[in-house]
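Please go through the model below and answer some questions on its confidence, an annotated site and a helix packing.

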Amino acid sequence: MPVYQLPDLTYDYGALEPVISGEIMQLHHSAHHAAYVKGANTALEQLADMRQARDFARLPGLERTLAFHLAGHSLHSMFWTNLSPDGGDRPDGELAAAIDEFFGSFDAFRAEMTAATASVQGSGWGALAWDPLGARLVVHQIHDHHISVAPTTTPLLVFDAWEHAFYLQYRNVKTDYIDRLWSLVNWPDVIARFTAARAGVGTGLFTLDGGARS
């Protein structure tokens with residue numbers, strides 16, 4: 001049976017310093033993200049055992065567990081490629097035009113994305129996504145790892161607002177962490193996701209990056 005795998009990073013753990021420390025990156029990737037991968041694979045095994053036994057009493061709980069861990073795996077896989085030691089500045093081309101169209105300006109979008117990420121209650125994410133039903137860009141919050149908008153929405157850029165993403169370095173000043181994340185945004189990656197989402201390639205809640213399954 002195919003299993004989910006922890007993707008390798010395309011940069012060293014310390015490459016995003018000083019914005020994100022190497023210690024945080026190592027823990028975040030090798031411990032937290034790895035735990036979501038393990039949780040998703042364990043849930044798959046338990047679902048397979050349940051099907052073989054034809055005993056579906058645990059089905060609702062196992063489906064919720066799989067959804068939680070798989071969403072965590074997908075979001076983190078996207079987060080790593082959304083960031084780059086050579087990132088920052090702002091997008092150009094059609095994504096820049098779409099941001100101006102739907103948010104008024106890049107600065108207005110940045111303010112909304114920052115506010116959405118900073119105001120997540122408890123654990124969660126801020127996200128820029130493409131809504132194919134409305135053919136528009138949207139910013140929304142993801143609580144824990146669960147999306148709170150239409151399931152057809154495709155995230156393009158995600159900011160991790162769980163405490164494990166920043167607390168060792170920024171303590172309780174989450175807004176400083178979010179403000180500095182903008183200097184790492186890998187806009188070519190976001191633009192590629194935007195182009196694919198508008199074309200209907202890999203549409204849906206998440207598109208797993210290469211290496212997610214084998």
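The questions and answers below follow that order.

This is a predicted model, in which local features need pLDDT of at least 70, side-chain atom pairs count only at pLDDT 80 or more, and totals for chains, interfaces and linings use all residues. Residues are numbered from 1 along each chain as its sequence is written, and side-chain values use heavy atoms, without hydrogens and water.

Q: Over which residues does pLDDT stay under 50?
A: pLDDT is the predictor's confidence in each residue, from 0 to 100. The protein chain averages 91. Where pLDDT is low, the predicted coordinates should not be read in detail. The stretch under 50 is residues 203-214.

Q: Why do the residues of the UniProt "binding site" gather at one spot?
A: The unreviewed UniProt entry places this feature at His-28, His-76, Asp-160 and His-164; such annotations may be inferred rather than shown by experiment. They span 137 residues in sequence, yet they gather at one spot because no two of their C-alpha atoms are more than 12.3 Å apart.

Q: Is Asp-160 buried or exposed?
A: Buried means under 20% relative accessible area, exposed over 50%, partly exposed in between (1.4 Å probe, protein chains only). Asp-160 has 0% relative accessibility, so Asp-160 counts as buried.

Q: How is helix 3 oriented to helix 7, parallel or perpendicular?
A: The axes of helix 3 (residues 93-103) and helix 7 (residues 187-198), lines fitted to C-alpha atoms over the stretch in contact, come within 9 Å and cross at roughly 75°. Angles of 65 to 115 degrees count as roughly perpendicular. Helix 3 is therefore, relative to helix 7, roughly perpendicular.

Notes. Axes fitted to C-alpha atoms, helices over the stretch in contact; angles between N-to-C directions. Helix = DSSP H or I, 4+ residues; strand = E, 2+ residues; numbered from the N terminus. Parallel < 35°, antiparallel > 145°, perpendicular 65-115°, else oblique. Contact = heavy atoms within 4.5 Å.
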